[in-house]
Amino acid sequence: NLVQEQPVTTWLQTSGGQLCSEFQGLTPAPVINCRFTQFSIAGQAGPHFNAPANTGPFNFTDCEFHGGKLLSAGPTVNLTNCLLERVYTDLEPKDSPTTTYMRNCLVLGGAFTFAPTNSFVQDNFFDKVSITNWNGYTGTNAYYSQASPYRRLQPTRSDDIVLTASPSYQAGPLGNYYLLSSSTLINAGFGGTTANQVGLYHYTVTTNIVSGAQIKETNSIVDAIFHYVATDTNGVPIDTDGDGLPDYLEDTNGNSTYQPTIDVCNWESPDTDGDGANDYIELSQGRNPKVSGTQADTGNAIRLNVFTPLK
């Protein structure tokens, strides 16, 4: 008899997860700060991030988690403008008084267990999520949770937004979870908080295009969901001053106001220090775009007359 061999696919993963705080609580403690990081694992097959020991906070900003698990049994985990798509989430930090911070996230499906003793959870949208939590929290959020087992964080708030159906999500240049401009979640941020106050001035939640670019949130009331960086019609992040650096990168804290001690450079000026070389060129050649050189550069060219390749 002939036996036909079948191809075998083997999935390799660490027992602790793709990213893990160390297990033994050693010092110095690990530092983890992720931004614009995408994590993807088959549904509940293993952790994206596992924090069994030590203290936080561990920070995730503008990140996406698809499938898998997000776990903490000790350190604080902060989630700012993140997407959790069908993730098994269990956050039970014990390193208070550190405040667990979760803002402007979309939690879509999956399970969400949440038990920090000190937390701020606001302007998130939980779409058909099985929620378990205790110990309370500060903040108000939006939910689609009409049918069991989908629930809301406890205690519920009188100013929570509760939808009767999931939004009509739209595919766009950077992802699949943009909103229609008519969505209830637009300008739904609580307490009158504006987008620039939470670092989202250069972001958007719709695909709407005006004059070749998506409409930024700017200083409008913040939308209560995960945001994408606003782009042009080619899907390239908007670069208002045309210096080759996107606005969101130059304006480090996303509040639209140029602050020399904080920001990479001025997002509204291609030559922040006025020395004749644009900001991108100065950064790419290791110079400080906020400090003018002793001689003004001309024609966007860096003068090399004081340098030598010789030893």
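Where is Asp243 found in this model? Asp243 lies in the loop between β24 (228-229) and α1 (247-250); helices (H or I, at least four residues) and strands (E, at least two) are DSSP runs, numbered from the N terminus.

## Basis of the model

The model is predicted: local features need pLDDT of at least 70, side-chain atom pairs count only at pLDDT 80 or more, and totals for chains, interfaces and linings use all residues. Residues are numbered from 1 along each chain as its sequence is written, and side-chain values use heavy atoms, with hydrogens and water left out.

Asp243 is buried yet has no salt bridge. Here, buried means under 20% relative accessible area, exposed over 50%, and partly exposed in between (1.4 Å probe, protein chains only). A salt bridge is a side-chain nitrogen of Lys or Arg within 4 Å of a carboxyl oxygen of Asp or Glu. The nearest side chain of opposite charge to Asp243 is that of Lys216, 11 Å away; Lys and Arg count as positive and Asp and Glu as negative, while His and the chain ends are not counted.

With residues up to four places away in sequence not counted, Asp243 touches Glu250, Ser269, Pro270, Asn278, Asp279 and Tyr280. Contact means heavy atoms within 4.5 Å.

## Salt bridges

Seven salt bridges are found in a search of the whole structure. One of them joins Asp247 and Lys216, at 2.7 Å from N to O. This pair links distant parts of the chain, 31 residues apart: Asp247 belongs to helix α1, and Lys216 to the loop between β23 (213-214) and β24. Asp247 counts as buried because its relative accessibility is 0%, and Lys216 is buried as well, with a relative accessible area of 15%.

Arg152 pairs with Asp160 in a salt bridge whose closest N and O atoms are 3.1 Å apart. Asp160 has a relative accessibility of 10% and therefore counts as buried. Between Arg86 and Glu85, the closest N and O atoms of the salt bridge are 3.4 Å apart. Glu85, at 17% relative accessibility, also counts as buried.

## Nonpolar cores

A nonpolar core is a set of buried Ala, Val, Leu, Ile, Met, Phe, Trp, Tyr and Cys residues joined through side-chain atoms within 4.5 Å. The largest has 28 residues, of which Phe60, Phe65, Leu79, Phe112, Phe126 and Leu153 touch the most other members. At least two residues of this core come from each of β4 (47-51), β5 (58-61), β8 (77-80) and β13 (111-114). A second, separate core of 19 residues includes Leu83, Tyr178, Val205 and Ile225.

Beyond its neighbours within four places in sequence, Phe65 is in contact with Phe39, His48, Phe60, Leu70, Leu79, Leu83, Leu84, Glu85 and Val87.

## Two partly exposed loop residues

Gly192 is placed in the loop between β20 (175-178) and β21 (203-204). Its relative accessibility is 41%, so Gly192 counts as partly exposed. Gly192 touches Gln197 and Ile221, not counting residues up to four places away in sequence. Gly192 and Val222, 30 residues apart in sequence, are 8.0 Å apart in space, C-alpha to C-alpha.

Asn135 occupies the loop between β16 (130-133) and β17 (142-144) and counts as partly exposed at 45% relative accessibility. Leaving aside neighbours within four places in sequence, Asn135 is in contact with Ala115, Pro116 and Thr117.
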